[in-house]
Amino acid sequence: MVRFFPNPYEDYKPGEVLPLNKDEIISQVNEIIGNITKRLQPTHKNVEGGLYVGVTGVSFMFYYLSKNPLLSENKEKYIEKALEYLSPALETSAGERTSFLLGDAGTYALSAVLMKEIGDNQFADNVKAYKSLYNYYLNPKFLKCGGDELFVGRAGYLAGALWISREMQVQIFTNDELYKICDMILMSGREYSKRHRSPCPLMYHYYNTQYLGAAHGLSFILQMLLSVPGYLDFNKSAAQDIKVTVQYMSSLQTNEGNWPCCMEEIGLSEHKLIHWCHGAPGTIYLMAKAYLIFKDPKFLNACVKAGEAVWQKGLLRKGPGICHGVAGNGYVFLLLYRLTGDDKHLYRAKRFADFLNTDDFLRDARLPDNPESLYEGTAGTACFLADILVPEKAEFPFQDVFSTYDY
């Protein structure tokens, strides 16, 4: 089965003027919004799945669009819609309380930021609700299925904490509190690595699979450890293990620029998944963060190489989404544009956006299970399209590599 459409576009020629029709992109975003509001109602039955595939994710899309300077005439309407889509999630549990992407933790994080945005003092209660979960993550036995990754684990909680702090420009946890969670992640990764005789100092599992990608795996966990301000200076032995593990991850990149999905797949002749969740389009964020911190050009080279794999095989048949779809892969080029300033990457991002409107895509791409959602569906696509309008600020949700989060 071929997982991607052949890339029909010629590559960028140096000096080429980028064909960027802002009105066209804005009307694409508006069309997506129209479809979402028609097809996915802000009701209690659509809460499950949280930020990932529930109404909380649609609320996030509206909040994200509200901050885009080129969409500012709709700001008030977007904030109103964000609140409307969030309200059922505040009344009904999305699933696991402690899960950032799938459960209530993500709802509390978004609610805190939204309430602050509209000047509602209730935001303090939402911050308190987010912080009330903190002690769960300090339990060494937190979640048997694997308590360290993004969706349900400690790395997701850290991502939320850093995101709230950045959006509000105020630190919601002390460094010491954040470091305690990082220490737990370190302890967990060292123990697991030792028990399984891993080839690097830190290793993790999710349902007994040693994933490497962003969704459930090592790359996102390491990215969060690199992102917590001051942690590498605070805990020198942790810093050493993190750096060695990042270098190990870098060494697993294939000749074509991709990564294995999990440790069990190392050594296979081909790694077919070029998705944000598994493969280069998610692991690139770790490499980018490592480059910005360690200043080693090999991490930047890994990013550029990942971009080549995505350009060749990233027009996915799975749909338009950011988790395993065309928009998530298009975000790779927006990241590379911010890292390098090279117009080639902006051109490529724009081409991925164009492809979403082609007959081939509209006819042959699969309809995702949750077609309007943030990660699987078009809500994430709208964020990607809006980011093409302001590429110098573009970022994949909750994966900003450029902020120092130091307030």
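**Notebook: pockets and cavities**

I began with the second largest pocket, whose lining splits into eight nonpolar, six polar and six charged residues. For these classes I counted Ala, Val, Leu, Ile, Met, Phe, Trp, Tyr, Cys and Pro as nonpolar, Asp, Glu, Lys and Arg as charged, and the others, Gly among them, as polar.

Ground rules: this is a predicted model, where local features need pLDDT of at least 70 and side-chain atom pairs count only at pLDDT 80 or more, while totals for chains, interfaces and linings use all residues. Numbering runs from 1 along each chain as its sequence is written, and side-chain values use heavy atoms, with hydrogens and water left out.

I noted a volume of about 410 Å³ for the second largest pocket. Pro140, Leu143, Ser188, Arg195 and His205 are the closest to its centre, out of 20 lining residues. Helix α8 (residues 175-195) gives the most to that lining, six residues. Helices here are DSSP runs (H or I, at least four residues), numbered from the N terminus.

Terms: on a 1 Å grid over the protein atoms alone, a pocket is an open set of points with protein on both sides within 12 Å along at least five of seven lines, a cavity is a set where a 1.4 Å probe fits but cannot get out, and lining residues have an atom within 4 Å of a point. Points are joined across faces, edges and corners, and a volume is the space filled by probe spheres set on them.

Next I checked the largest pocket, at about 520 Å³. α1 supplies the largest share of its lining, five residues.

Last, I looked up the largest cavity, with a volume of about 70 Å³. Helix α14 (residues 326-340) gives the most to its lining, four residues.

Note on methods: Helix = DSSP H or I, 4+ residues; strand = E, 2+ residues; numbered from the N terminus.
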